[in-house]
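Dear colleague,

I am writing to hand over the structure shown here, together with an account of what was found in it. Please keep it open as you read.

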Amino acid sequence: MRLSRSLVPTLKETPAEAQIVSHRLMLRAGLIRQTAAGIYAWLPAGFRVLQRITQIVREEQDAIGAQEMLMPTIQPAELWRESGRYEGYGKEMLRFRDRHDRELLYGPTNEEMVTDLFRQSVRSYRELPQIVYHIQWKFRDEVRPRFGVMRGREFLMKDAYSVDIDRDGAVLNYRKMMLAYMRTFRRMGLSAIPMAADTGPIGGDLSHEFIILAPTGESEVFYDAAFEEIDYSPAAFDATSAADLERFFHLMTSHYAATDEKHDPAQWEKIAPERRRQGRGIEVGHIFYFGTKYSASMGFSVAGPDGKPFHPEMGSYGIGVSRLVGAIIEASHDEAGIIWPDPVAPFRAAILNLKVGDPACDGLSERLYAALGASALYDDRDERPGVKFADADLLGHPWQIIVGPRGAASGKVELKRRASGEREELSPEAALARIGA
Ligand code: 5CA
């Protein structure tokens with residue numbers, strides 16, 4: 001992208017309405033703009049991050065055999081009356097009527113719709129187990145939307161749903177999903193910890209939240225550093241092996257991890273002090289096993305091996321995709337701006353042309369831009385070098401290729417690594433090789 005013709009409206013001043021660093025930086029870097037309370041437009045650079053996170057989530061869901069689909073944002077009230085959640089959900093649910101006076105709602109989650117879709121089509125235990133998921137906008141009319149995309153009213157969620165013939169199968173899928181989550185978050189540079197959780201309005205008797213540490217988190221959390229050292233890769237655990245999944249789940253639940261609601265000081269004291277990790281936590285995912293809660297209330301049954309109908313066992317599994325953008329920034333920034341982990345960066349590199357109009361600088365910059373293509377943001381604006389440096393640091397590209405008149409004359413560029421601040425002078429070819437283009 002050429003910055004001179006891009007909608008990346010960076011701000012020098014800190015917006016007064018933003019209370020936490022990720023919200024401030026997302027506004028200042030021109031990633032998002034608020035369009036109504038708790039509702040945001042994703043501008044081009046922000047949308048790129050959202051897409052990269054979405055893609056990692058998708059790849060890890062596909063890797064455990066979950067099927068991607070897309071359900072609508074708008075749902076009929078009727079479905080929610082069947083499960084009994086229509087009244088119970090309260091004011092968080094946005095309800096409205098169409099021209100025929102039919103009651104509709106903007107979906108806050110999709111358990112009812114998934115149960116209905118399976119009820120319409122799946123008749124026999126032979127068609128199970130299955131996992132489906134979609135990545136779709138949700139609406140929850142939060143009383144106090146705050147912290148930008150961290151607690152929005154409209155937000156992007158990956159929600160998956162498993163359907164099994166018995167409790168053992170459901171528990172297996174629950175563990176498989178937990179493994180997929182650990183891999184997903186690690187690929188984004190995050191150390192997420194699963195913590196036993198209450199099930200709230202989703203219901204059920206087995207539930208974990210996935211929490212990452214950040215000073216602005218909504219709850220106090222405590223965990224053993226052991227979680228940070230575990231290898232979650234396919235080499236360590238095979239997601240298709242029940243024995244591996246059991247070993248994995250045991251590992252996840254045998255080390256200490258708790259939010260303040262469930263914290264047990266006696267257990268905490270038993271951990272070596274240098275292994276205690278304590279701080280504020282952000283919930284980036286939440287998984288639930290709720291058995292037959294929806295299949296029973298909505299009359300979804302299938303024929304068993306003996307021909308007798310029974311209600312399948314279900315679970316649901318959420319990741320806050322848009323919240324993750326804020327959470328990653330909370331975990332990775334400095335006073336100059338965002339420091340994107342490579343796998344989620346909107347652009348791999350920025351090319352800073354320090355003297356637009358100078359034939360050597362223009363020629364070299366264009367050559368680099370042609371080589372990097374869509375993975376680069378080319379700062380071709382007629383601006384002072386100081387402005388370009390500040391914006392590149394603010395936007396947090398993993399690499400900056402600085403093209404100045406002195407270096408360009410001798411065919412050299414400067415390469416800066418955002419995370420470490422290291423700079424070196426190189427030929428353009430060597431710079432491209434270093435950033436892995
Ligand atoms: N049906 C289940 C699982 S699919 C469910 O809705 N779970 S949830 O309520 O815990 O939401 C899943 C994830 O969405 C949360 O872990 C959180 O990361 C994200 N999330 C929830 N509410 C918001 C919000 N208001 N703004 C941004 N992200 C949110």
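Predicted model: local features only at pLDDT ≥ 70, side-chain atom pairs only at ≥ 80, totals over all residues.

The largest pocket

The largest pocket holds about 1100 Å³ of space. Its lining comprises 46 residues, and those closest to the centre of the pocket are Arg140, Arg151, Glu283, His286 and Arg323. Two or more lining residues come from each of α4 (85-88), β8 (154-164), β10 (206-213), β13 (276-291) and β16 (313-320). Strand β13 is the greatest contributor, giving seven residues to the lining. Sorted by class, the lining consists of 17 nonpolar, 15 polar and 14 charged residues.

The ligand

There are 22 residues around the ligand, of which Thr109, Glu111, Arg140, Gly152 and Glu283 come nearest. Arg140 and Glu283 also figure among the residues closest to the centre of the largest pocket.

- Glu283: an N or O atom of its side chain is 2.4 Å from an oxygen atom of the ligand.
- Gly152: a backbone N or O atom lies 2.9 Å from a nitrogen atom of the ligand.
- His286: a polar side-chain atom is found 3.3 Å from an oxygen atom of the ligand.

Glu111, one of the residues that come nearest to the ligand, is also joined to Ser316 by a polar contact of 2.8 Å between the two side chains. Ser316 belongs to strand β16. With a relative accessible area of 4%, Ser316 counts as buried.

How much of helix α1 is buried? Seven of the eight residues of α1 (residues 21-28) are buried, and the helix is therefore largely enclosed by the rest of the structure. The buried positions are Val21, Ser22, His23, Leu25, Met26, Leu27 and Arg28. They pack against β1 (32-36), β2 (39-42), α11 (321-331), β17 (333-334), β18 (337-338) and α13 (385-395). Just after α1, Gly30 has a positive phi of about 70 degrees.

Helix α13, one of the packing partners of α1, has its own buried residues: Lys388, Asp391, Ala392, Asp393, Leu394 and Leu395. After α13 comes Gly396, where phi is again positive, near 75 degrees.

Backbone geometry

Most residues other than glycine have a negative phi, and most peptide bonds are trans.

The peptide bond between Leu128 and Pro129 is cis, with omega at about 5 degrees. Pro129 is located in the loop between α5 (111-121) and β7 (130-139).

Asp101, although not a glycine, has a positive phi near 70 degrees. This residue sits in the loop between β5 (94-97) and β6 (103-106).

Phe147 is likewise a residue other than glycine with a positive phi, in this case near 60 degrees. The loop between β7 and β8 holds Phe147. Is Phe147 buried or exposed? The relative accessible area of Phe147 is 15%, and a residue counts as buried under 20%, so Phe147 is buried.

Gln136 lies in strand β7 and is buried, with a relative accessible area of 11%. Setting aside residues up to four places away in sequence, Gln136 touches Leu70, Met71, Pro72, Thr73, Phe155, Leu156 and Met157. From C-alpha to C-alpha, Gln136 and Ile211 are 22 Å apart in space, and 75 residues separate them in sequence.

Asp231 is placed in the loop between α7 (226-229) and α8 (242-254). Its relative accessible area is 42%, which makes Asp231 partly exposed. Apart from neighbours within four places in sequence, Asp231 is in contact with Ala236 and Phe237. The side chains of Asp231 and Ser233 form a polar contact of 2.8 Å. Asp231 and Arg406 are 175 residues apart in sequence, and their C-alpha atoms are 47 Å apart in space.

With kind regards

Terms used. Residues numbered from 1 in each chain as written. Heavy atoms only, no water. Buried < 20%, exposed > 50% of the residue type's maximum accessible area, 1.4 Å probe, protein only. Helix = DSSP H or I, 4+ residues; strand = E, 2+ residues; numbered from the N terminus. Contact = heavy atoms within 4.5 Å. 1 Å grid on protein atoms, 1.4 Å probe; cavity = no way out; pocket = protein on both sides within 12 Å on 5 of 7 lines; lining within 4 Å. Points joined across faces, edges and corners; volume = space filled by probe spheres on them. Nonpolar A, V, L, I, M, F, W, Y, C, P; charged D, E, K, R; others polar. Near = heavy atom within 4 Å. Polar contact = N/O pair within 3.5 Å; in protein donor to acceptor, adjacent residues only side chain to side chain.
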